[in-house]
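Me: Hi! I'm new to reading protein models and would like to go through one with you. Could you start with the terms for how helices cross?

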Amino acid sequence: MRYFFEDYVLNTDRRELHRGADVVPIAPQVFDLLDYLIRSRERVVSKDDLINAIWNGRSVSDAALTTRLNAARTAIGDSGNEQRLIKTLPRKGFRFVGQVREVAGSDSGQATAESALSVLDKPSIAVLPFENMSGDPEQEYFADGMVDEITTALSRFRSLFVIARNSSFSYKGKAVDIKQVGRELGVRYVLEGSVRKAAGKVRIIGQLIDVATGVHLWADRFEGDLSDVFTLQDRMTESVIAAIEPRVFQAEVDLAARRPNSLSAYDLCLRAIPHLYSFTRDGSAEALRLVSRALEIDPRYGFAATLAGSCHIQKVTQGWATDPKSEFAEGLRLLRLVLSIDGNDHLALSMLSYAAAWSGDFGTAREMVDRAIISNPNAAFAWSTRGWTCRMAGDLEEAIRSFERAVLLSPFDPLLFVTLTEMGVAFIDLGRFDEAVVAAKKALSQTQSFLPSYCCLITALAHLGREAEAKESATRLLELKSDFRISEWVSRSGLRTNQMFVDGLRKAGIPE
């Protein structure tokens with residue numbers, strides 16, 4: 001039997017652990033422990049279970065058991081602090097929590113990069129950032145926008161698993177090894193290319209690579225006037241699809257509702273996105289200013305209306321609005337305008353779901369987000385929103401599954417801290433405080449300024465009785481927002497019925 005997880009393969013027939021093409025040194029007893037944990041991953045394994053399985057019931061000290069567990073974690077790139085794959089559940093036992101694919105039988109040769117690819121059966125692809133060949137750093141955003149459009153077009157094909165643009169962009173500006181990219185993102189194919197924009201003309205060059213073999217499956221060049229940029233994007237997307245899956249070549253790439261009448265409106269939206277992603281008051285205001293200009297140019301440009309609606313909703317939910325009722329209503333108006341243009345716009349549907357869940361209308365919220373996922377099964381944002389909706393409605397296990405799917409689709413997303421924080425809150429609701437701490441710390445490792453991540457960490461630590469750590473995190477929270485109050489937080493954050501969360505903040509000394 002071979003077990004595939006992340007970029008590792010555990011081959012029980014050959015008693016070998018591989019990472020990509022490399023064999024990882026591992027002691028026989030540590031191999032047995034790892035094998036047993038993976039085979040028993042659907043349940044919590046007690047200390048006695050491990051002793052009976054690995055040591056045949058012989059007396060074993062806690063120190064010896066801890067040493068073997070630490071060795072197993074080290075072999076697979078885990079640690080006792082992170083517990084990404086092997087989880088310790090205090091007073092209960094241990095569990096392997098990574099996603100695993102089983103394959104019966106043994107391969108005749110060494111495991112290769114292909115062995116460690118995605119556990120999904122469907123073809124999988126990542127579109128890497130295109131190189132800006134214009135010689136003008138100011139044109140960087142245009143090359144990035146091109147990748148965003150192509151990724152979105154590919155995501156509409158149900159026969160593909162497409163890594164979100166935000167995770168692919170973690171490789172921007174880096175010299176990359178394509179096989180390593182394939183292992184880290186769990187994809188079979190990588191699309192890379194370049195964009196040159198000059199004198200009213202644009203040239204796009206792309207090449208598709210099979211990461212398991214390094215073979216270039218396809219390469220082409222597309223040239224035309226800037227007025228034809230969307231046609232060029234479609235032509236490139238169709239060529240990529242044809243190279244990956246001929247059966248979907250006949251499918252129509254329908255992005256008409258996203259297209260503006262003016263390239264200037266498109267340009268303004270590209271510039272607005274990083275400001276919206278900053279998740280700050282000033283960033284949201286600047287994003288709204290830019291997309292409002294885009295809507296003045298093209299009042300029925302769906303993407304601009306989606307971004308504008310998101311800005312208004314964000315201002316309300318983050319407590320930045322001076323007139324929350326009017327801001328919220330304007331956000332809903334803009335998002336509904338998008339659906340009147342394209343009823344399957346997954347971004348607008350997701351944001352409407354978020355707004356409905358925040359308002360307590362869980363039925364509408366679930367309907368909207370499920371429509372978003374039907375429209376685009378590869379949309380990490382839709383899956384994250386579904387997790388939020390399920391958590392707010394009390395369907396906690398389903399919420400966690402949705403959050404995990406979002407992370408799988410976009411493991412390096414710049415807004416991953418939001419998904420991880422919401423997942424941490426769901427863990428708190430379930431009383432799984434250790435896992436909440438891990439999720440919150442991962443969120444804070446991405447950004448130190450997101451207040452909900454601190455609230456999640458403080459609450460989980462307080463319920464675990466780790467008072468000193470909880471108070472230390474509470475001090476940091478109050479340094480970031482000295483006027484933070486539990487009552488105000490509860491009124492706008494969707495925690496109206498989460499008494500466990502509120503109790504944790506109180507235990508840590510957060511002001512009422």
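Reply: Happy to! A crossing is left-handed if the near helix is turned anticlockwise from the far one by less than a right angle, and right-handed if clockwise. One note before we look: this is a predicted model, where local features need pLDDT of at least 70 and side-chain atom pairs count only at pLDDT 80 or more, while totals for chains, interfaces and linings use all residues. Residues are numbered from 1 along each chain as its sequence is written, and side-chain values use heavy atoms, with hydrogens and water left out.

Me: Thanks! So which hand does the crossing of α14 and α16 have?

Reply: The crossing of α14 and α16 is left-handed. Their axes come within 10 Å and cross at roughly 25°. That makes α14 roughly parallel to α16, because angles under 35 degrees count as roughly parallel, over 145 as roughly antiparallel, 65 to 115 as roughly perpendicular and the rest as oblique. Axes here are lines fitted to C-alpha atoms, for helices over the stretch in contact, and angles run from 0 to 180 degrees between N-to-C directions.

Me: Which residues meet there, in α14 and α16?

Reply: From α14 you have Ser384, Trp388 and Arg391, which meet Thr419, Glu422, Val425, Ala426 and Asp429 in α16. Contact means heavy atoms within 4.5 Å.

Me: Zooming out, how many helices and strands are in the protein?

Reply: The protein has 21 helices and 13 strands. Helices (H or I, at least four residues) and strands (E, at least two) are DSSP runs, numbered from the N terminus.

Me: And what share of the residues is buried?

Reply: Of the 512 residues, 55% are buried. Buried means under 20% relative accessible area, exposed over 50%, and partly exposed in between (1.4 Å probe, protein chains only). As for contacts between residues at least 6 apart in sequence, 62% join residues at least 24 apart.

Me: New topic: how many salt bridges does the count come to?

Reply: The count comes to 26 salt bridges. A salt bridge is a side-chain nitrogen of Lys or Arg within 4 Å of a carboxyl oxygen of Asp or Glu.

Me: Nice. What does aspartate 370 pair with?

Reply: Aspartate 370 forms a salt bridge with arginine 386, and their closest N and O atoms are 3.2 Å apart. This pair links distant parts of the chain: aspartate 370 is in helix α13 (residues 362-375) and arginine 386 is in helix α14 (residues 380-393), 16 residues apart.

Me: Are those two partners buried or partly exposed?

Reply: One of each! Aspartate 370 counts as partly exposed at 26% relative accessibility, while arginine 386 counts as buried at 10%.

Me: What about arginine 432 and glutamate 435, how far apart are their closest N and O atoms?

Reply: In that salt bridge the closest N and O atoms are 2.7 Å apart. Arginine 432 is partly exposed, at 24% relative accessible area, and glutamate 435 is buried, at 16%. Elsewhere, salt bridges that share partners join Arg366, Asp370, Arg386, Glu398 and Arg401 into one network.

Me: Last one: where is isoleucine 510, and what does it touch?

Reply: Isoleucine 510 sits in the segment after α21 (499-507), and it is buried with a relative accessible area of 4%. Not counting residues up to four places away in sequence, isoleucine 510 touches Ile458, Ala474, Leu477, Phe484, Ile486 and Leu505.
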